[in-house]
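Morning, everyone. Please take a look at the model first.

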Amino acid sequence: MQRLEALAETALESSEGSIDVAQAEGALRAWAAVDDVARRRVQEIDDLRLKHVATELRGLGADAETARRGAKVIYLTLLGLYTARRYTPEIADDEAFRYVVRQMLDDSKTNARRPP
């Protein structure tokens, strides 16, 4: 299993101890919407998460732009999944998230094999 796939599996865990991950993520973002300090911290965390995923994609051979875009696709899909889990659980689909992660991994590997 790729490191990014392992990270994705960890992100799919619905709780960390007694904390519901989707609920906590939503609460932090709601707070960030009304508080400047919280907004800056959430932006910092988002940036760190996106850079980490992009670095993993770069390690598979993606160029910088493909890695940046792929990281956003994965991250935004995860945030959407967390929102669905909270508000419309009937459409929350972990397999759809796994599919997106696999597609971004495949895109990164394909990008690495393209001639310059």
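Let me start with a cut-off: buried means under 20% relative accessible area, exposed means over 50%, and partly exposed is in between. Keep in mind that this is a predicted model.

Now apply the cut-off. Aspartate 46 has a relative accessibility of 15%, so aspartate 46 counts as buried. What does aspartate 46 pair with? Its salt-bridge partner is arginine 29, and the closest N and O atoms are 2.5 Å apart. Arginine 29 sits in helix α2 and aspartate 46 in helix α3, so this pair ties together parts that are 17 residues apart in sequence. Arginine 29 itself, at 26% relative accessibility, is partly exposed.

Next pair. Arginine 49 forms a salt bridge with glutamate 25. Here the closest N and O atoms are 3.2 Å apart. Which helices hold the two partners? Arginine 49 is in helix α3, residues 36-59, and glutamate 25 is in helix α2, residues 21-32. The pair therefore ties together parts that are 24 residues apart in sequence. On accessibility, glutamate 25 is buried at 11%. Arginine 49 is partly exposed, with a relative accessible area of 34%.

Glu25, Arg29, Asp46 and Arg49 are linked in a network of salt bridges.

One more of them deserves a slide. Arginine 98 pairs with glutamate 95, with the closest N and O atoms 2.6 Å apart. Both residues lie in helix α5, residues 94-113. They are three residues apart, about one turn of the helix. Glutamate 95 has a relative accessibility of 45%, so glutamate 95 counts as partly exposed.

Last item: a nonpolar patch. Which residues make it? Leu28, Trp31 and Val34 do, and the surface patch is about 340 Å². Tryptophan 31 is found in helix α2. That is the helix that also holds arginine 29 and glutamate 25. Is tryptophan 31 buried or partly exposed? Its relative accessibility is 48%, so tryptophan 31 counts as partly exposed.

Terms used: Residues numbered from 1 in each chain as written. Predicted model: local features only at pLDDT ≥ 70, side-chain atom pairs only at ≥ 80, totals over all residues. Heavy atoms only, no water. Salt bridge = Lys/Arg side-chain N within 4 Å of Asp/Glu carboxyl O. Helix = DSSP H or I, 4+ residues; strand = E, 2+ residues; numbered from the N terminus. Buried < 20%, exposed > 50% of the residue type's maximum accessible area, 1.4 Å probe, protein only. Patch = residues over 30% accessible without salt bridge, like charges linked within 9 Å, V, L, I, M, F, W, Y side chains within 5 Å. Areas by Shrake-Rupley, 256 points an atom, 1.4 Å probe, with all protein chains shown as cover.
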